[in-house]
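Keep the structure in view as you read.

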Amino acid sequence: QWWLSIATAAALFAAARLVLPDLIALAAALPFVAIGGYAAWRQLRAPSATKVADALNVLRAMSWEEFSILIEEAFRQEGYTVAKLAGDDVDYELSRNERVTVVCCKRWKVARTGVAPVRDLFEAGQARNAHDYIYVVAGEFTANAREFAAKKTMRLVNDAELVRLVGRKRTRQVSSCRIPSHPVCSLLTSVARSRRPGSCRSSRS
């Protein structure tokens, strides 16, 4: 919590100024102030749990075509070259700085993902000589899945991280919101017009 860093800084300053000049005591406390300030800034920028939940519901309601456009563009924004694959366990192969990353995201609507599909991604990536692994879902991962991913240094993307990933500024226009005020619209910086009220579609510029 950010306030712990601020409290630590205040306590450190109060203790240090008993034996040191105020300026030196302040210098000793400044790193904790900086850490607390940064943490508070991140917390203020983070979307609320309600907005994240609403955005995830919209992502789950998308077709694979719509969701894949968001994911592809999101990884391009991270600097990857994106290649779509036709395998069951790997949906994309990403390339950046001579490193290969495999991604599985076609099962993004699953409410709870266990260790089996995460292991399948790892094994498929091993067969492709991948360096890194990313599994994307709009639901949750089981404890076993997270434990396996941690041991294999795999990146699991869900919840608020998924919302942030697809909410970055993009070079393609994507119409994915049923109403202009929907939480997902506020995360997507370029949104095309919908075909009709109550519908979702995607378009490439």
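How many disulfides does the structure hold? The count is 0. A disulfide here is a pair of cysteine sulfur atoms within 2.5 Å. Cys 104 is in no disulfide, and the nearest cysteine sulfur, that of Cys 105, is 6.7 Å away. Cys 105 is likewise in no disulfide, with the sulfur of Cys 104 as its nearest at 6.7 Å. Cys 104 counts as buried because its relative accessibility is 2%. Cys 105 is buried too, with a relative accessible area of 0%. Buried means under 20% relative accessible area, exposed over 50%, and partly exposed in between, with a 1.4 Å probe and protein chains only.

A word on the basis. This is a predicted model, in which local features need pLDDT of at least 70 and side-chain atom pairs count only at pLDDT 80 or more, while totals for chains, interfaces and linings use all residues. Residues are numbered from 1 along each chain as its sequence is written, and side-chain values use heavy atoms, with hydrogens and water left out.

Now the whole protein. Of its 205 residues, 40% count as buried. The protein has 8 helices and 7 strands. These are DSSP runs numbered from the N terminus: helices are H or I with at least four residues, strands are E with at least two. Take the contacts with a separation of 6 or more: residues 24 or more positions apart account for 54% of them. Contact means heavy atoms within 4.5 Å.

Next, the sheet. Five strands, in the order S1-S2-S3-S5-S7, form an open sheet with mixed pairing. Two strands pair if DSSP finds at least two bridges between them. Strand S1 (81-84) and strand S7 (155-157) are the edges, each pairing on one side only. On average, neighbouring strands of this sheet are turned by 20° against each other, direction ignored.

Start at S1. It runs antiparallel to S2, and 4 bridges join the two. Lys 84 stands opposite Tyr 92 in S2. Strand S2 (residues 92-96) then pairs with strand S3 (residues 99-104), again in the antiparallel sense, over 5 bridges. Here Glu 93 stands opposite Val 102 in S3, and Leu 94 stands opposite Thr 101 in S3. The hairpin of S2 and S3 has 2 residues between the strands. In this hairpin, Asn 97 takes a positive phi near 50°.

Turn to the helices. The axes of helix H5 (residues 115-127) and helix H6 (residues 143-151) come within 8 Å and cross at roughly 25°. Axes are lines fitted to C-alpha atoms, for helices over the stretch in contact, and angles run from 0 to 180 degrees between N-to-C directions. H5 is therefore roughly parallel to H6. Angles under 35 degrees count as roughly parallel, over 145 as roughly antiparallel, 65 to 115 as roughly perpendicular, and the rest as oblique. H5 contributes Val 115, Val 118, Arg 119 and Phe 122, and H6 contributes Asn 144, Ala 145, Phe 148 and Ala 149. By class, this contact has 6 nonpolar, 1 polar and 1 charged residues. Nonpolar covers Ala, Val, Leu, Ile, Met, Phe, Trp, Tyr, Cys and Pro; charged covers Asp, Glu, Lys and Arg; the others, Gly among them, are polar.

How do H4 and H7 pack, and at what angle? Helix H4 (residues 64-77) and helix H7 (residues 159-166) meet at about 80°, with axes 8 Å apart. They are therefore roughly perpendicular to each other. Phe 67, Leu 70, Ile 71, Ala 74 and Phe 75 in H4 meet Leu 162, Leu 165 and Val 166 in H7. This contact has 8 nonpolar, no polar and no charged residues.
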